[in-house]
Amino acid sequence: MYTEYPFDPDGANITARRWSGKQDVFFQPGTYAVSLQVTNSRGVQSEPFTRTIRVQGAAVDTPLGYALKYSELGDAISDPQVLSYPTVVAQPAERENFPLLFSDSPEAPSQSGVLYQDTVAGRARLLAYHLNALGKPARLYVMARNVEARPVQVRTERQGETAPTRVEGQLGQVTLLDYFASTADHTLTLAPGEFAAVYASPTLSAGSGVNVLQDLTTTGRVELTFLMLEDGLPPTLQVLQQLPYLPADGRHQRGTFPEAVRALRVNLTRLPARLVIGDGLVDPAITGVDRLTGQPMRLSGNYGVLYDLEINGTAGTAVALSPRGGLYRGAMNIQDGTVNQTIKLPRTGNAIAPNQPVLLWRPATNRLNIDFVPASGSSLPVSLVFYPARLPGLDGAVKTYQP
């Protein structure tokens, strides 16, 4: 612990501090010089004030061990061995499933048109991720048309959105934070043949984007259409009939995928260990079909899939996020005993380096339940890394997450 008492004898405020050699922890014996130089409100600097610290004896912990026990949650920690840890075997579990309708191609449409379309009955999840490349203001709509001969109800159970923004990394993270916190419970009743919006974005200026994640339940067959419309075009059935079906851009995916939920159960028997998400190998990509073309589709990264994770054996561990594909910004929901918390991934900034995992959580119980959805606009795969990290002499005491 460092205690400082700088002051100006003439009463001016201290406005800046510059440390040299300051470390929170020293892991090697030796002699270390620590200096402090301050600047007052008139711009006058002090002479450096130096103290020498002598460190003796054997280290009582490693840099990684210390970080796992005492770093603030949300901090990046250094671990060059992270990719060498064994991957845990996740066992599939039974859970009700339903389709995911995914609209991300063309990701940046340059004209008004139909982005994707399919018919659902019952539960469904919708994910749309698009940038406005029309060169003029536009809006994204998800329209529902009742194709039954009787009234049908469309209920929004949960929804998260981000719009408009030009920062692509924010699109996925803010949408997930909104989705996990959602209390949306809105019901739309459609007469036979009726056409109405179940989602309408704010106006998107040229170059800005939108991301929406929405869980629906219908009481009958409903045709869902994802539309990008320039300002001035109303979202009517008459306008829809005159719009082109926009071709896929060849770089991104769209389609209907039958498994919007992946329930996995993990027993931690060896630490440290990694749970890999979104690599297409250890964690296979879901497959489906583009209903507009009939072409089979493979959803790289499993964006929009909710991973229902139950991790057993978590008491005395620490959980970190290691990005493996590039920049990652997302969110997940954790249930740890009586604690139910949505957290950012990472808490601040971006996770970008595999050997700089971000410390997420220190479980207080032996079973951790995690809801994880790969974030749109971020790179996959990622690993959840589980470390041994019990605080010595402090059974049950943990540093908890503070939003």
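Modeller: Strand 15 gives the most to the lining of the second largest pocket, with four residues. This is a predicted model, and every value I quote is computed from it.

Biologist: Which strands each supply at least two residues of that pocket's lining?

Modeller: Strand 15 (261-267) and strand 16 (273-277) each supply at least two residues to the lining of the second largest pocket.

Biologist: And what is the volume of the second largest pocket?

Modeller: The second largest pocket has a volume of about 270 Å³. It is lined by 16 residues, and the closest to its centre are Ala90, Pro92, Arg262, Leu264 and Asp283.

Biologist: How do the lining residues of the second largest pocket divide into nonpolar, polar and charged?

Modeller: The lining of the second largest pocket divides into twelve nonpolar residues, one polar and three charged.

Biologist: OK, now the largest pocket: what is its volume, please?

Modeller: The volume of the largest pocket is about 480 Å³. Its lining has 23 residues, and those nearest its centre are Glu4, Tyr5, Pro6, Leu36 and Phe49.

Biologist: Which strand gives the largest share of the lining there?

Modeller: Strand 2 does, with six residues in the lining of the largest pocket. At least two residues each come from strand 1 (14-20), strand 2 (30-40) and strand 3 (49-55). By residue type, the lining of the largest pocket has 13 nonpolar, six polar and four charged residues.

Biologist: Changing topic, how many residues are in the largest nonpolar core?

Modeller: The largest nonpolar core has 51 residues, and those with the most contacts inside it are Leu100, Leu309, Leu360, Phe372 and Leu384. Apart from that core lies another, of 28 residues, with Leu134, Val210, Val222 and Leu224 among them. As a general point, nonpolar side chains tend to be buried together in soluble globular proteins.

Biologist: Let's stay with Phe372. Which residues is Phe372 in contact with, leaving aside its neighbours within four places in sequence?

Modeller: With those neighbours left aside, Phe372 is in contact with Ile277, Val305, Leu306, Tyr307, Leu309, Tyr328, Met332, Leu345 and Val382.

Biologist: Are Tyr307 and Phe372 buried or exposed?

Modeller: Tyr307 is buried, because its relative accessible area is 0%, and Phe372 counts as buried because its relative accessibility is 0% too.

Biologist: And how many aromatic pairs does the structure hold?

Modeller: The structure holds eight aromatic pairs. In one of them, Tyr66 and Tyr70 form a tilted pair, with 4.9 Å centre to centre and 45° between the planes.

Biologist: Where in the structure do Tyr66 and Tyr70 sit?

Modeller: Tyr66 and Tyr70 sit in helix 1 (residues 63-70), and because they are four residues apart there, about one helical turn separates them. Tyr66 is partly exposed, with a relative accessible area of 31%, and Tyr70 counts as partly exposed at 31% relative accessibility.

Biologist: Why is the pair of Tyr307 and Phe372 edge-to-face?

Modeller: The pair is edge-to-face because the planes of Tyr307 and Phe372 lie at 75°, with the ring centres 6.3 Å apart, and an angle over 60 degrees counts as edge-to-face. This pair links distant parts of the chain, since Tyr307 is in strand 19 (residues 306-312) and Phe372 is in strand 24 (residues 367-372), 65 residues apart. Ring pairs also link Tyr307, Tyr328 and Phe372 into a cluster.

Biologist: Last one, for the whole chain: how many helices and strands does it have?

Modeller: The chain has three helices and 25 strands, and of its 403 residues 48% count as buried. Along the principal axes, its C-alpha trace spans about 85 × 55 × 35 Å.

How values were computed
Residues are numbered from 1 along each chain as its sequence is written. This is a predicted model: local features need pLDDT of at least 70, side-chain atom pairs count only at pLDDT 80 or more; totals for chains, interfaces and linings use all residues. Side-chain values use heavy atoms; hydrogens and water are left out. On a 1 Å grid over the protein atoms alone, a cavity is a set of points where a 1.4 Å probe fits but cannot get out, and a pocket is an open set with protein on both sides within 12 Å along at least five of seven lines; lining residues have an atom within 4 Å of a point. Grid points are joined across faces, edges and corners, and a volume is the space filled by probe spheres set on the points. Ala, Val, Leu, Ile, Met, Phe, Trp, Tyr, Cys and Pro count as nonpolar, Asp, Glu, Lys and Arg as charged, and the others, Gly among them, as polar. A nonpolar core is a set of buried Ala, Val, Leu, Ile, Met, Phe, Trp, Tyr and Cys residues joined through side-chain atoms within 4.5 Å. Buried means under 20% relative accessible area, exposed over 50%, partly exposed in between (1.4 Å probe, protein chains only). Contact means heavy atoms within 4.5 Å. Rings of Phe, Tyr and Trp (its six-membered ring) pair if their centres lie within 6.5 Å; planes under 30 degrees apart count as stacked, over 60 as edge-to-face and the rest as tilted.
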